[in-house]
Amino acid sequence: MWKRYHTFMHHLSDLDGRVARALIGLRAAVYREFRPLQVSAAVLAGEPEPFEQATANRFEPFAVPGAWGRAWSTTWFRLTGEVPADWRGAEVELVVDLGFRSGGPGFECEGLAHTEQGQLVKGIEPRNRHIPLTAVAQGTRVACYIEAAANPIIPGSGPTPLGSRQTTPGDKLYQFTQADLALVDLETRELVLDLDVLWELQAQLPPGAPRRERIRHRVGQALDLLDFETSPDRAARARSILAELLASPAEASAHLVSGVGHAHIDSAWLWPVRETVRKCARSFSNVAALADDRPDLRFACSSAQQYAWIKAHYPQLFARIKELVAQGVFIPVGGMWVEPDTNMPGGEALVRQFTQGKRFFWDEFQVEPREVWLPDCFGYSGALPQLARLAGMRWMLTQKMSWNQVNRFPHHTFWWEGIDGSRLFTHFPPSDNYSAKFSGEQLAFGVRNFSDLGPANRSLMPFGYGDGGGGPTREMLWTADRLADLEGSPRVTVESPAEFFSKAESEYPDAPVWRGEMYLEFHRGTLTTHHAIKAGNRRVQNLLHQAELWSATASIRAGLSYPYQELDDAWQRMLLLQFHDILPGSSIAWVNAEARAEYTALGDILEGLIGQALAALGCRSGAPGATAMTSLHCNSAPVATSAPAFSIAAAEQVGGQAELTATGSGYLLENGSLRVLIDADGIVASVWDIAAGREVLAGPANLLQLHPDHPARFDAWDLDEYYRNGCRDLRRATAVTTLTDGRVGLAVERKDGASSYVQRVWLEPGSMRLDCELAIDWHERETILKVAFPLAVAAENSSAETQFGHVKRPTHVNTPWDAARFEVVAQRWFHVGEPGYSVALVNDSIYGHEAVRPGAGATGTPTTTVRLSLLRAPLYPDPETDQGRHLLRYALVAGAEIPDAIAEGYRLNLPVRRVTGPAAGVHALAEATGANAIIETVKLADDRSGDVIIRLYESVGGRGEALVKLGFAAESVVVVDLLERPSAEAAALSPLGKTDVGHTLWLKPFQIATLRVRPTGDGLRRSS
């Protein structure tokens, strides 16, 4: 009778509440006894110090509990004690609580435990607070150090002073509450895990399901025993009640989950780069310590930069990582220098993300990752599949597309086809998570959410605390053990990403295809936020291009020792700045300030290298100082300007001249190609294409517009569509004057609120380009600034430059997918047109664009308005974002077809340098003709052999034969992959022919080809 009564009451009672309460008590009982350790502390006055220096400081007694840690400071704690005699032989560990509050690793204070001798033990973080006794004990004596970082908890919204050392308050942030030896009750610890797994499992099963009801019944019985029994073995006896539930195997058709340990560590975000270095040390130490006990762990880690930090700052840990890589436990993935933004870096920069990353992994570990690993980037360029394939990649992982605001991405496992037709086998973990912990909810959701269930039956689950690091824990692995073969659950196997992808591709070779870019319907504001970083990125990319081009030219032409190491260092520093929270401008003030300073430093270094190369070629800045010297134009662009591409030559003369005339209502600016009317307030009222005999504009152009910018969720990240509901034009000028610097045009001054603007507009002789420049002192808040160009074309699509090509997007909003793309990325140019006429906008530092078809009514003429997003002013996480002075350049190119847009984009971004040098000038090392081929890069090979690397691409989306002419004698020419290795796949894609005048390549749409050329003569193998 009593058994029936108890069963009945289990159905009536709040069993969920009872289990929750029991788990609280059981977790507290995992440690049976505590013995306090003695604690002393040394507070560092400034930045972090290495172990030897930090531990040489004076340590003062520290009372626990006790306050510590001003924001961003470091305190070293020394813990000492003795293991009680009656604990010897039992399971004992140290337990530390630095004052954890949020419960989430990586977003508050953190610690790194060291032995007395300075060896790293593991990180100390929320949910991972223990230190193994065996690592810090000698006999019964216990001693260790903890480097504690008082990283502040950055609030999730609103202005914060905590993002900069200059504005942080001086208060101590944390309360150190525990430093104990703890006696572990092993059975209670195992019981907690048993209950967690079973209770989370039953919560995902449908009410009335036999498996669910059986779990609830047996759990109730186990709790009864715990309530009524007081014997020491009650946890073991409760576990015996649950044992048959855990032994019941999974269904034969159960979904297959491949678990891989992960610790997505943002290389900077709500913490500076210097703190990321320590986060890597904590997380990687956790992995190394866990691997000592669990060699079956598989931990995937991307970003060669983070390994390089460990090599430089923690050589002992790096040596241990090398051992774990060799054992297959620690798995380099991604093959990139960092996990970059993929929308805004230039084409060559994305190439170098792969080549620098893969070269590091091969040199240090003799491994070559095959999977692109970008779980958290804000959209994915359609150029990426080709670049990845040419870098030797086969697969791709992300989950960020699950963040779409409007449209659910239709697949989780699919082939991603790039703009050129290259494909990557791609997987999105259907748990929509890169920091899982194997909870029942995560596993069940992953199965329910899996779009490709049926033809496919396996998915990947990266597990471990991430963003701020932490990584996998022992509890996660113990949970995975219980889920390996459990009725009602997917089967969980811990294995490498490569093992998962190989099986998934074999299971689903005919997966569906997604073509082109993966546009994230979220975080659109990152295309504009923190313009100084965007401008620095573009400038340094351009300088790297020039430094390599002229250094290679000087090496071949003049015997210059090529600056391999200096260029390598500069590339790595710049690639770090393309991390997906630095380049987008979505980091704290500290990170943004360091990025701006780094761009300035890199600019100085690269200008020095360019000057060195030009000097070796006999050229220098300034007026001719001798009769043998003449004025020359140095053209770094791959298209002709006033000098031929990649050449130094006397300026080619352009016919005609530009003129500015005052009229009764404003000004007339003309140059023989364009006739531009500008009103009395400096607004461009008309652009007349003289040769075409038509008007280019459909309304006032170069018009600055302000919108309120209050995104619903993430300030620095988001631009929400409703910002368009309010708009204010800046039309009134405070002054309009003639340019006095040799340019023919106007300077227009405007004042609005706390900000001031100077717009300059001018024409060059014979040019189809109306050049515009904006100098602004910006002091708005939560406002976005755009510039509008209403155009007299009815464009069905816009074309926007992406890396090594362009992408077309509809200008209409016929579908939710079209409507969601209300802000899109373009690199150097953006193009719209109708049959017979087109227009382009080119820029030197702008990424956010839009093209809309305004309503024209029943009888109106259809037009297209293009707007460029210039500046924002979000308050979080950097309250001073975009404040201050900026200089932006952009231009309208009338009558521009796609090749014209490409050429003008290069010309604006790579303006000629005026130098003096020998009258003969310097001829290009290479030129390409035919098939709309463009040479993007000329450099010397990474292996320092002295071979010349020439990278070119088909630029308009067509196909044909390109001819590459070399400007130097060559011993051999071969097609190579991006890592500059002979490649059968690359050679098959780009068959190389030979003619009397050069080498031929058949190029498909947007195809990239890389040539490796060995110059004739041993004297050309030079390096520094």
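Which residue forms a salt bridge with aspartate 292, and how far apart are the closest N and O atoms? The partner is arginine 320, with the closest N and O atoms 2.7 Å apart, where a salt bridge is a side-chain nitrogen of Lys or Arg within 4 Å of a carboxyl oxygen of Asp or Glu. Because aspartate 292 lies in helix α8 (residues 273–293) and arginine 320 in helix α10 (residues 315–326), the pair ties together parts that are 28 residues apart in sequence.

The model is a predicted one, in which local features need pLDDT of at least 70 and side-chain atom pairs count only at pLDDT 80 or more, whereas totals for chains, interfaces and linings use all residues. Residues are numbered from 1 along each chain as its sequence is written, and side-chain values use heavy atoms, with hydrogens and water left out. Helices (H or I, at least four residues) and strands (E, at least two) are DSSP runs, numbered from the N terminus.

**Salt bridges**

| Pair | N to O distance |
|---|---|
| Arginine 58 and glutamate 60 | 2.7 Å |
| Aspartate 292 and arginine 320 | 2.7 Å |
| Arginine 389 and glutamate 985 | 3.4 Å |

Arginine 389 is partly exposed at 26%, and glutamate 985 is partly exposed at 40%. Shared partners also join salt bridges into one network, whose members include Glu47, Glu110, Arg165 and Arg282.

**An open mixed sheet**

Five strands form an open sheet of mixed pairing, in the order β17-β18-β20-β19-β23, two strands being paired if DSSP finds at least two bridges between them. The edge strands, each pairing on one side only, are β17 (371–373) and β23 (513–515). Between β17 and β18 (residues 395–397) the pairing is parallel and runs over three bridges, and valine 372 has methionine 396 of β18 as its bridge partner. Helix α15 (residues 497–507) lies across β17, β18, β19 (413–417) and β20 (423–427), at about 115° to β18; axes are lines fitted to C-alpha atoms, for helices over the stretch in contact (heavy atoms within 4.5 Å), and angles run from 0 to 180 degrees between N-to-C directions.

**An enclosed helix**

Helix α9 (residues 304–313) is largely enclosed by the rest of the structure, because seven of its ten residues are buried. These buried residues are Ala304, Gln305, Gln306, Tyr307, Ala308, Trp309 and Ile310, and the elements covering them include α8, α10, α11 (347–365) and α17 (564–576).

**The second largest pocket**

A pocket is an open set of points on a 1 Å grid over the protein atoms alone, where a 1.4 Å probe fits and protein lies on both sides within 12 Å along at least five of seven lines; lining residues have an atom within 4 Å of a point. The second largest pocket is lined by 45 residues, and Arg27, Leu193, Asp196, Glu475 and Thr479 lie nearest its centre. Helix α5 gives the largest share of this lining, eight residues.

How values were computed: Buried < 20%, exposed > 50% of the residue type's maximum accessible area, 1.4 Å probe, protein only.
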